[in-house]
Every structure is written in structure tokens, then in C-alpha cells.
Amino acid sequence: MENMEAEEQENRKILTDLLEAKQYTRLRQTAADMQAADIAAVMDDLEDEDSLKIFRLLPKSMAADVFANLEIDDQQYIIQSLSEKEASNVIDNLQSDDATDLLEEMPANVVKKILANARPDTRADINHLLRYPEDSAGSVMTVEFVDLKENMTVQQAIDRIRKIGLDKETIEICYVLDRERVLVGTVALRYLLIHDKDDVIGDFMNENVISISTSTDQEEAAKMLQKYDLNAMPVVDRENRMVGIITIDDVVDIMEEEATEDIEKMAAIVPSDKSYFKTSIWETYKNRIPWLLLLMISATFTGAIITNFENALSKYVVLTAYIPMLMDTGGNAGSQSSVSIIRGISLGEIEFRELPKAIWKELRVAVMCGATLAVCNFAKLLLLDRIPVTIALVVCLTLVVVVIMSKLIGCALPLLAAKVHLDPAVMASPLITTIVDAVSLLTYFNIATRLLHLS
């Protein structure tokens, strides 16, 4: 990681120094020897004007590759800064799925102008992808794949790959279609290379094909590629006609996007597609304030509980000193369980029907954790705090009950959310902590009322 950061800083210094010195020819030559992803990383950190200058100086052969690696807001700025013809040239050289992702985020009038100047085949591919629901397999697939016929010979197949393969996403796996473009099999490039040139593809193609529907959720599609250890997976429509493929690089992007979204939801933030420094203060505010308001309002219930037991607490003021510890411990215990369960749901390891099994496991863990915390805390209360044994007993007994209840709540809520088709990540730390706080206080005061005879 340190080597990557050092290399990125060095690349940035080289390009910015050449840019400031206006040595454009040398900058162009230097960029031609660099990786597209490295150039994009430098451009993402520069001011928009400097980033645009570098992009205009890039050799045409690598401009599209660099563009594909840029952040979406940098892509939008560059596209809108170019002439319609220049912008259309960039779009023409992008993979169709990358071009679609970009145009989905741009104003309709800009998209219309760009597509008007794009090649007919590019326009058709993008319009085809734009009609699919957001976050579906159809919306993230690419239509650039190699299709063959089952009556082709090996030589005919190789000739076709040579003719069209350069513009395709991958040629490692070729897809065999019938006259109605129904997917009937696949053939790997290595098998074409080892078979005789007169062999017919239909005789040795793989007929046991795993495919996904255009309506399949993109996260589910990513899991299937991971499950079957594939580099690409065909996407078919309702009639089983092949319309595109999802590749491993799409999966990496999908998993990063889904993980980021879950992390933001677990932190009570409205998900955003932009990076931290690319998100304006106003957007950051709008993403955070809704949940903060909701959690603030819900937290008033804990205040109401304390107020309700205020008279009883006045007899044992010392009890109030341990409220923060009990609430924090309960919140942490619930968060531990919820994060583990949410991860299991995301990876397909846990389903709703396994709720009793998960609760039974968390219950045993909770008893052990609660007992350990109670014993340690009991010793601390007597030896360091020097409080009466009855008070220590109330605190420690509450601690055991709170840990057990918190872990059960943290286990059950995400699974219940998934069952009713809500995002389990919404049930993570902030919301569970708020619920657990109220439960902790009710438990604490009820135990104290019975053991200390409060009224």
C-alpha cells in the first residue's frame, strides 16, 4: 500500500511539473508510458481545469481507458467541457456499460446531444442498457461479447474472433447462440486452439450454461459469479435470448458499491455515489441530517424513562452514575451481533429460516459475555468504587440481562428486516443502539425497584 501511494505521488509530481512548465509534448510522451489507472488516479486529485488539460493531451489510443477509470463527477466535467464531437468520440470508445453509467448521471439535454453524434451501434447499445431498472443485471452488463453459431467450424470461429474480438469485453469465453439468439452453449478460447480447424463447435461446446436474467439484482449477480468462480456470466432476457455479459471487473465495482452503501447505512448516513472530498458540504449535510433527526427524536424516549423514575432515583443517586456504562455496553453488544448477522446475510450464509439457530447461538454467547462482564464489574464496584453490595448486585445483574437482550435484538432485527424486504444495514448500529438504550434503562430501573424496594 505504501509503495502504491509513493508511486501515485511520484506520478502526480511528474505530470503536474510538466503541466506547469507547459511541456505538453513531453507530458504526452510520459503519459503514453504510464498505466491508464495511474493517470486517472492523478487526474482525480487535480483541479478540474488541470485534469481537463491532461486529458486533452492524452494519446487517443488511451484516452477512453483513462476516462473509464475516473470518478463519475470528473467524467461529467470532462464530457461537458468537450465539444459534442469530441464527447461522442469518447463515448464511442467506452465499453457500453461504462458509457451507460456515465450518461445515466448527466442531464437529459446533454445526453441527447452526445448520442446524436455517437455511432449508430453505440447509440443502440446505450439506449438498450438505459431501459433496464437501476441496480439490475441488465443495467450493469456489457453488450460487447463474442457470439458464435453451433454449426461453425473451429476455423470459422477463430476467424470471427479475429475480426470482432478487439472491440469486445472479453474473448476468453465465447457464447454459442441459435438463430433466435437463444443461448445454447459456451466454448472457451483454449478449446478452439486445441481442436482441429474442421471440428464443429456444436460437438464439443459446453451445454451446461449458468446464466442470469436481466432483472436479477446486481448484488445477486455478483454473488453468482463469486459462487461459480467465473470471469464472466451471460445475461439473458425472458425468452432466454442472450443480451449481454457481466464480467469480473463489473463484480468488483458492484461489491465496492454495495459495501460502501451498507457501511454508510450502518453509520446512519444516506448513501452517496461520490467520494468524500468530491461531495459538497451541502450534500454531506443532506445525507446526514435525516438520520440524526430521527435518532435524536427516538432518543427522547430514554429521557422520558429516566424522568419517570426520577423520584425513585433520588433515594439512590449513585445508580445514575452507571447508566452510561450500561447503555454503552448494551449498544456495543447489540452492534456486534447485528454486524455479524448483516455480513452473513450479505454473503448468503444466513437466511430467515435460520433465525432460531442464530438466536440460540447468540444467546449462549451473550450469557458467557454477560457473565464475564458482570464478574469483572462486580469486583471493580466493590474494590474501587466501594459501593454497597446490593447496588453492585443491581448493576451487575442488569449488565447480564442487558447484554443478553441486546445481542438477541441485534441478531433478530436484521433478519426480520430482510424478511420484509428492507435493507438489513438500516438495522445496524445507530437504530439498534437507540432501541437497546431504552431497553437497558427499563431493565435497570425495574431490577433496581425490586431489589432496592424503590417506589
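Me: Which helix does Leu408 lie in?
Reply: Leu408 lies in α20, residues 389–419 (helices being DSSP runs of H or I, at least four residues, numbered from the N terminus). This is a predicted model, with local features needing pLDDT of at least 70 and side-chain atom pairs 80 or more, while totals for chains, interfaces and linings use all residues. Numbering runs from 1 along each chain as its sequence is written, and side-chain values use heavy atoms, without hydrogens or water.

Me: What does Leu408 touch, leaving out residues up to four places away in sequence?
Reply: Ile359 and Leu363 (contact: heavy atoms within 4.5 Å).

Me: How exposed is Leu408?
Reply: Leu408 is partly exposed, because its relative accessible area is 25% (buried is under 20%, exposed over 50%, partly exposed in between; 1.4 Å probe, protein chains only).

Me: Switching topic: which residues make the nonpolar surface patch?
Reply: Tyr191, Leu193 and Ile194, about 340 Å² (patch residues have over 30% relative accessible area and no salt bridge, with nonpolar side chains joined within 5 Å and like charges within 9 Å; a salt bridge is a Lys or Arg side-chain nitrogen within 4 Å of an Asp or Glu carboxyl oxygen). Ile194 is in α13, residues 189–194, and counts as exposed because its relative accessible area is 62%.

Me: And which helix gives the most to the negative patch?
Reply: α15, with 4 residues. α15 (248–266) and α8 (96–104) each supply at least two. The patch gathers Glu71, Asp101, Glu104, Glu134, Asp249, Asp253, Glu256 and Glu257 on the surface.

Me: Is Glu256 buried or exposed?
Reply: Glu256, in α15, is exposed, because its relative accessible area is 52%.

Note on methods. Accessible areas come from the Shrake-Rupley method with a 1.4 Å probe; for residues, only the protein chains shown count as cover. Lys and Arg count as positive and Asp and Glu as negative; His and the chain ends are not counted. The place of a charge is taken as NZ of Lys, CZ of Arg, CG of Asp or CD of Glu.
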